[in-house]
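I opened this notebook to record what I looked up in one structure.

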Amino acid sequence: MERFDNLPEMDLMRSEKMGSVQLIMPVESAQRAVLYLGDLGLLQFQDLNADKSPFQRTFVNQVKRCGEMSRKLRFFKDQIHKAGLMSSARPPLQLDLDLQELEVLLAEHEHELIEMNNNSEKLRQTYNEMLELKMVLQKAVGFLVSSNGHSAAEETELDDRVYSNGDYADSDYADTASLLEQEMRPGPSNQSGLRFISGIISKAKVLNFERMLFRATRGNMLFNQAPTDEQIVDPVSTEMVEKIVFVVFFSGEQARTKILKICEAFGANSYPVPEDTTKQRQLMREVLSRLSELEVTLDAGIRHRNNALSSIESQLPKWTNMVRREKAVYDTLNMLNFDVTKKCLVGEGWCPIFAKPQIQEALQRATFDSNSQVGIIFHAMDVVESPPTHFRTNRFTSAFQEIVDAYGVAIYQEANPAVYAIVTFPFLFAVMFGDWGHGICLLMGALFLIARESKLGSQKLGSFMEMLFGGRYVLLLMSLFSIYCGLIYNEFFSVPFHIFGLSAYKCRDTTCSDATSIGLVKVRDAYPFGVDPSWRGSRSELPFLNSLKMKMSILLGVTQMNLGIILGYFNARFFRSSLDIWYQFVPQMIFLNSLFGYLSLLIIIKWCTGSQADLYHVMIYMFLSPFEDLALVAVPWMLFPKPFILKKHHSEDTV
């Protein structure tokens with residue numbers, strides 16, 4: 001390739017002139033230079049270390065650090081989402097941090113959140129266990145009283161007054177350990193007599209659990225159960241489940257061991273319940289007191305955690321953007337060659353010719369801001385490879401360019417299809433949309449996005465809203481064309497109106513009011529603009545409108561395809577490729593227009609003359625007699641010569 005100063009001038013319809021450049025940057029200013037060039041977005045670096053793995057590159061440690069910080073930021077985002085915190089309305093505090101300070105700050109926040117989560121999880125598990133113990137005490141007492149031959153009403157008087165009374169401590173109780181601690185502490189078990197194990201299990205497992213107990217003890221047990229009044233959180237799975245309180249009466253240490261193992265296998269939580277009524281009441285008081293304390297502690301922990309997450313949430317977008325920028329900078333620096341002897345980085349890339357002064361200015365600013373004593377060298381290179389394609393866009397044309405690039409990017413110096421898509425894309429949409437009522441709604445939405453452009457552009461939007469905002473000017477043109485086509489179709493939310501005057505038709509009988517049964521006759525000149533509203537509801541509505549829209553679609557489609565072929569001709573002419581002109585453009589034009597171009601001409605003639613000829617039969621007979629059609633000659637002309645000629649040229653070049 002020639003030096004970019006000697007390249008031919010480009011017009012606005014084609015990509016920008018590109019030049020290959022080389023940068024020699026001192027280490028102390030390289031990072032800031034790449035950052036400024038990234039903000040400029042007009043220089044594309046080439047990977048000079050393609051033969052190295054990511055772990056063999058110079059700045060691999062910095063990339064790992066940025067990746068670790070990104071992981072911590074994702075952790076913060078997940079925690080904020082789980083806490084259900086909304087985005088703060090207040091503007092974030094602008095704290096000036098460098099990467100090292102941010103790394104330390106993120107590590108501190110992560111350690112604090114992990115510690116708070118662990119403490120909260122332990123407290124929550126303890127709270128759930130206390131809640132289950134409360135359920136067991138409330139339900140199991142009746143089984144114990146019945147087993148001792150006492151009346152439940154006489155021996156288990158655990159009313160709300162006793163439960164809620166906090167003044168229950170006496171001098172004997174104050175000098176001993178709480179009954180809750182005594183019951184939870186393992187101790188020697190009674191080796192003889194009838195004993196029991198009480199606990200709680202998921203409702204879905206209770207049937208199999210009872211069967212397993214019966215088989216393991218050979219029927220030497222008594223199983224009692226009662227459902228809990230409400231769903232409770234399982235301490236292990238932390239899910240809301242329906243549970244059953246159970247009490248198993250048995251005899252012998254061997255049976256006790258088996259029952260405990262079965263409880264562990266089924267995930268049943270066993271809790272001690274004293275047989276003495278006084279101890280039951282005392283234990284219930286202690287459980288209720290402990291639950292109250294845990295609730296206060298949990299609420300305080302949640303408030304403290306939410307406050308910490310709120311402070312992080314206000315800074316999260318800024319931190320995320322900073323880490324992404326730094327990681328992108330180091331990824332780019334890993335594409336450069338590191339000269340150890342000269343302590344500099346050498347990079348090569350492509351840039352548009354018009355951007356050369358802007359790039360040099362950014363490099364000078366990077367040298368000044370980094371306090372480097374040596375400037376950055378920027379000069380052009382001579383290369384033979386094809387440059388990348390760059391189209392200069394603005395906020396109006398960028399969305400159309402992205403739509404075209406989604407299908408394929410034009411090669412260097414090819415005509416830009418996005419210029420034509422600015423008109424053809426919204427117009428073809430409007431041909432299908434075609435309702436000026438819906439078009440007005442779409443126009444109002446587009447105008448709202450454009451009016452709030454400066455405010456919405458600085459906010460973080462969701463994926464759907466970001467897509468709508470990016471295509472606001474596409475929506476604007478789509479709405480305007482839709483209003484135009486809707487006026488032609490005379491459809492306002494699928495309802496016709498006499499906008500441009502009276503209809504050209506009226507009922508055949510002057511006394512009739514139903515055109516669908518009587519028919520229409522023409523009484524005045526044609527409707528001045530668009531479809532006559534009297535067609536709606538008539539017997540001929542469906543064949544007339546379908547024929548109109550179908551034929552118009554054929555004309556627009558053939559025009560669109562001809563436009564693409566003609567653009568191919570101008571590309572071939574620009575590159576001075578006679579091969580593409582004679583063996584691609586010419587046969588394609590012959591094939592398309594000898595079939596569908598001829599059909600389009602017949603449609604126009606039929607509209608102008610009012611002929612009743614059936615065009616379906618014309619096309620059918622054309623394909624039934626292909627040897628009489630010129631299109632058959634164009635097929636081998638288009639498919640075979642060009643590949644063989646290219647193969648011949650390639651063979652000559654290799655020799």
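**Entry 1. Basis.** I worked from a predicted model, in which local features need pLDDT of at least 70 and side-chain atom pairs count only at pLDDT 80 or more, while totals for chains, interfaces and linings use all residues. Residues are numbered from 1 along each chain as its sequence is written, and side-chain values use heavy atoms, with hydrogens and water left out.

**Entry 2. Whole chain.** I found 23 helices and 13 strands in the chain; helices (H or I, at least four residues) and strands (E, at least two) are DSSP runs, numbered from the N terminus. Of the 655 residues, 38% count as buried. Buried means under 20% relative accessible area, exposed over 50%, and partly exposed in between (1.4 Å probe, protein chains only). The chain exposes about 38700 Å², of which carbon and sulfur atoms supply 57%; accessible areas come from the Shrake-Rupley method with a 1.4 Å probe, and for residues only the protein chains shown count as cover. I also looked up contacts, defined as heavy atoms within 4.5 Å. Among contacts with a separation of 6 or more, 77% join residues 24 or more positions apart.

**Entry 3. Helix H9.** I noted that H9 covers residues 253-265, has 13 residues and reaches 19 Å from its first C-alpha to its last, close to the 18 Å expected at 1.5 Å a residue. The expected span is 1.5 Å times one less than the number of residues. Which residues of H9 are buried? They are Ala255, Ile259, Ile262 and Cys263. Seen down the axis of H9, the buried residues fall within an arc of 105°, so they line one face of the helix; the arc is that of the directions from the helix axis to the C-beta atoms. An α-helix has 3.6 residues a turn, so residues three or four places apart point the same way. The buried residues of H9 pack against strand E3 (194-202), helix H8 (206-216) and strand E7 (243-251). On the other side of H9, Gln254, Lys261, Glu264 and Ala265 are exposed. Gly267 follows H9 and has a positive phi, near 70°.

**Entry 4. Gln280.** I located Gln280 in helix H10 (residues 277-333). Is Gln280 buried or exposed? With a relative accessible area of 2%, Gln280 is buried. Not counting residues up to four places away in sequence, Gln280 touches Val141, Leu144, Pro274 and Glu275.

**Entry 5. Aromatic rings.** I applied this rule: rings of Phe, Tyr and Trp (its six-membered ring) pair if their centres lie within 6.5 Å, with planes under 30 degrees apart counted as stacked, over 60 as edge-to-face and the rest as tilted. The count comes to 20 aromatic pairs. The rings of Phe492 and Phe497 have their centres 5.7 Å apart and their planes at 75°, so the pair is edge-to-face. Phe574 and Phe575 form an edge-to-face pair at 5.4 Å centre to centre, with 90° between the planes. Ring pairs also link Phe209, Phe223, Phe246 and Phe266 into a cluster.

**Entry 6. Record annotations.** In an unreviewed entry, UniProt places a "coiled-coil region" at residues 99-133; its positions are given in the numbering used here, feature names are shortened, and annotations may be inferred rather than shown by experiment. In the model, residues 99-133 are 100% helix and 0% strand, with end C-alpha atoms 50 Å apart. The unreviewed UniProt entry also gives "transmembrane region" at several stretches, including 552-570 and 582-607. Residues 552-570 are 100% helix and 0% strand, with end C-alpha atoms 27 Å apart.
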